[in-house]
Amino acid sequence: MSPIAAQSLRTRWLAVIALAAAQLMIVLDQNIVSIALPAIREDLAFSQANLVWTVNAYVIPFGGLLLLAGRLGDLISRKQVFLAGLALFTLASVAAALADSQGFLLTARFVQGIGGAITAAGLLGMIVTIFPEPQHQVKAIGVYGFASASGGALGSVIGGVLTETLGWESVFYVNLPFGLVVAALAWKLLPTDRGIGLKAGADVIGAVLVTSGLMLAVYTLIETERYGLTSARTLGLGALSIALLAGFFVRQARAASPLIPLRILFSRNVAGANAAQALMVGAAFGFMFFTVLYLQQVLEFAPLAAGLGFLPAPIVIAVVSMALAPRLLTRFGARPMVLTGLALMVAGFILFAQMRADGNYLVDVLPGMVTAPLGFGLAMPALMTLGMADSKPEDAGVTSGLFNTAQQVGGAVGLAVISTAVSARTGTLLDGGAAQAEALTGGFRLGYAIAAGLAAAALLIAVTVIKARKSHDSTTEPVPVAIG
């Protein structure tokens, strides 16, 4: 009997909750720091241009290492790799809180990004191995999906409270008790597992190519706000990152022990789920970023009030992803859920695109704040199910890493594209004599229109690429128990 099969249902659910808490901590950290940036700038004397590296120093290693970290879990041990990443992330968080100089803080953030990638990469893979039974697996994925979505939505609220009451250091210190509790639970609840061995996939050349290609791609994308999407610098670095990633795929096709078996990418449902998710998350990133700006800069909400105004989103996502989505997945399957969810997201962004400069929260924000998260809560658990469905037990970690990588890169691309368009539109309106609120609102409307387009493109991919399975795709063959 495998270690997982020997565990009680209660123990397995506690293990899933511990893993979801780790995901919540990682996502929360990505968003909570942005609220503390003004205080960090004042205390450590950052210039405006250098301040952004407090975020970028974390994002670059995080986005670049997810794929490799997920594979390492398959090869060595998912539990050991997860705990090592969690320890590194927690210690680096404490170091960031203790930073008394710019260089110290940026170094701590870079290490924190490495730890975050190692922690997050294999989480979804571990969850589907803990619950191979379809009826429990869809619920577990719903819990994980809620943790992913709510971390982003709650970041601004928690960040505002902590920064105003305890100072900017508290946004890093909060990870210490969080990390210790999660580590203790994971150590006790996760069964000891053994990977398939480094010889089964220790492709060093492939690892260098994919990690450098992804890190360069993320760096290029986050720097587009400074240099522009069509600048020679952006296009040159973008071409180099594409060449590195193309070299990686060529290497995987020829390597005796590939880092990522290409059969994973040749699955229509895996490829379709990752592509649709990348576009969907890109749209969602724009939604979260510009809704908060609209609340503060146009409706003149205080930062904390703006964060509270965002609370309907995580509440809707929680109810849908943890209570409604599992039942619908079991009854109707993943593909109809994806199609319905993405259609609702398109509708929600179209509602936002009607916002007015003299608007109010109940009319211009709340309808879209309910509709778009409702669609996200339906679509994300279904996409997770599809994204993991065709992986073999020995590939669950790297498939999970692939899904997380698509999410990070999609979010970076979407936000870069939407931000560039919003800035250009706002500038044009200001140059034409529009008032500040009118110009900002005009830019935001265009941003939501682009977000609706990205969600519509995701819907088109879901319609044309993702296949329904016999007897409903919710009964997709689960990833068999592989731990132990």
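Predicted model: local features only at pLDDT ≥ 70, side-chain atom pairs only at ≥ 80, totals over all residues.
1. Helix α15, residues 268-298, and helix α20, residues 396-431, have axes that come within 7 Å of each other and cross at roughly 45 degrees. That angle makes α15 oblique to α20, and the crossing of the two helices is right-handed. On the α15 side the contact is made by V270, N274, Q277, A278, V281, G282, F285, G286, F289 and F290, and on the α20 side by L402, F403, A406, Q407, G410, G411, G414, L415, I418, S419 and V422. Sorted by class, the contact of α15 with α20 has twelve nonpolar and nine polar residues, with no charged residues.

2. The second pair is formed by α2 and helix α4, residues 53-75, which pack with their axes 9 Å apart at an angle of about 160 degrees. Because angles over 145 degrees count as roughly antiparallel, α2 and α4 are described as roughly antiparallel to each other. The crossing of α2 and α4 is left-handed. In this contact I26, D29, Q30, V33, L37 and I40 of α2 meet T54, V55, Y58 and F62 of α4, and the residues divide into seven nonpolar, two polar and one charged.

3. The largest nonpolar core holds 107 residues, of which F82, F349, F444 and Y448 touch the most other members. Helix α15 supplies the largest share of this core, 14 residues. Leaving aside residues up to four places away in sequence, F82 touches L19, A22, I118, T119, L123, M126, V182, A186 and L190. There is also a second, separate core of 17 residues, which includes V33, A36, A97 and W168; V33 is also one of the α2 residues that meet α4.

4. Most residues other than glycine have a negative phi. A45, in the loop between α2 (9-44) and α3 (48-51), has a phi near 60 degrees, a positive value in a residue other than glycine. With a relative accessibility of 57%, A45 counts as exposed, because the cut-off for that class is over 50%.

5. E300 lies in the loop between α15 and α16 (303-309), and its phi is likewise positive, near 60 degrees, in a residue other than glycine. E300 is exposed, with a relative accessible area of 68%.

Technical notes: Residues numbered from 1 in each chain as written. Heavy atoms only, no water. Axes fitted to C-alpha atoms, helices over the stretch in contact; angles between N-to-C directions. Helix = DSSP H or I, 4+ residues; strand = E, 2+ residues; numbered from the N terminus. Parallel < 35°, antiparallel > 145°, perpendicular 65-115°, else oblique. Left-handed = near helix turned anticlockwise from the far one by under 90°. Contact = heavy atoms within 4.5 Å. Nonpolar A, V, L, I, M, F, W, Y, C, P; charged D, E, K, R; others polar. Buried < 20%, exposed > 50% of the residue type's maximum accessible area, 1.4 Å probe, protein only. Core = buried A, V, L, I, M, F, W, Y, C linked by side-chain atoms within 4.5 Å.
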